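Please find below my note on the structure, arranged as numbered points.

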Amino acid sequence: MHVREIDDENQPEPIPGLPAALPEGEEILWQGAPRFLALAVHAFRVRAVAVYFAVIALWRTAAMASAGAATSDIVSTLSAIAIFFIAGMALLFGLAWLMKKETIYTITSRRIVMRYGVALRKTVNIPFAIIGAASLKPHSRGAGDIAVQLTGSDRIAYLQLWPHVRPFRYGKAEPTLRAIPDAARVAALLAGAVKAAGANITLNHINASDRTPETTALAGVTAAA
């Protein structure tokens, strides 16, 4: 796998999402980007943050009320919490929007290409030959994540990939197409492309949480050479 950092964000791309023109015989099969809301929910965990602030607000209200605090003091405290909540959510949604805006995922007939980065653009090329398996984690409204497990010595740091990485797989980071629309169709397309290229890949379907290591075969889209 090759990671290329481009210092000049305004440097033109010959093809959007690709750092160079495709070699002869290689073609683009699919291009896409994360869904903004799905990325905010599943990568930036805005729902978990909202629950956290709600718990803090309830706890502070109960504690102050039991201590006999004046209503005006309770309202003032809740207003301060609300300000931090709004600022935090605005930051997370803003980051999610920037990530979505600057990300293009590409599947060609030979590889996966991930172009991302807000302050510094990066391109990650993942040839089919180094993909051992892929996992589909569906979300609502057809969106989902497609994570790929790499074989051999090809690795990239978890933080360098984030948020385009499968959560909680720190030791062996799994590059991930995050929150893409029509994820099941794209996963099937990927499996078919890998099979056509003569490589071996098993595509799995994750039914549980990100932390759950068990996966089951996704019927109809398991590819084999």
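1. In this predicted model, the cover over the buried residues of helix α3 includes α1 (36–42) and α2 (46–66). The α3 residues that are buried are Ile 74, Ile 81, Met 89, Leu 92, Ala 96 and Met 99.

2. Helix α3 comprises 31 residues, 71–101, and its end C-alpha atoms lie 44 Å apart.

3. Which residues touch the most other members of the largest nonpolar core? They are Ile 112, Ile 126 and Leu 177, in a core of 29 residues. Two or more residues each are supplied by the strands β3 (104–108), β4 (111–116), β5 (121–127), β6 (131–138), β7 (144–150) and β8 (176–180), and by the helices α4 (158–161) and α5 (183–196). Helix α5 provides the largest share, six residues.

4. Beyond four places in sequence, the contacts of Ile 112 include Ile 126 and Leu 177. Among its other partners are Val 124, Ile 131, Val 148 and Leu 190, together with Thr 106 and Asn 125.

5. On confidence, the protein chain has a mean pLDDT of 83, with 82% of its residues at 70 or more. Residues 2–8 have pLDDT below 50, and this stretch makes 20 contacts beyond near neighbours in sequence. Residues 208–225 also stay under 50, with 41 contacts beyond four places in sequence in the model.

Notes. Residues are numbered from 1 along each chain as its sequence is written. This is a predicted model: local features need pLDDT of at least 70, side-chain atom pairs count only at pLDDT 80 or more; totals for chains, interfaces and linings use all residues. Side-chain values use heavy atoms; hydrogens and water are left out. pLDDT is the predictor's confidence in each residue, from 0 to 100. Contact means heavy atoms within 4.5 Å. A nonpolar core is a set of buried Ala, Val, Leu, Ile, Met, Phe, Trp, Tyr and Cys residues joined through side-chain atoms within 4.5 Å. Buried means under 20% relative accessible area, exposed over 50%, partly exposed in between (1.4 Å probe, protein chains only). Helices (H or I, at least four residues) and strands (E, at least two) are DSSP runs, numbered from the N terminus. The expected span of a helix is 1.5 Å times one less than its number of residues.
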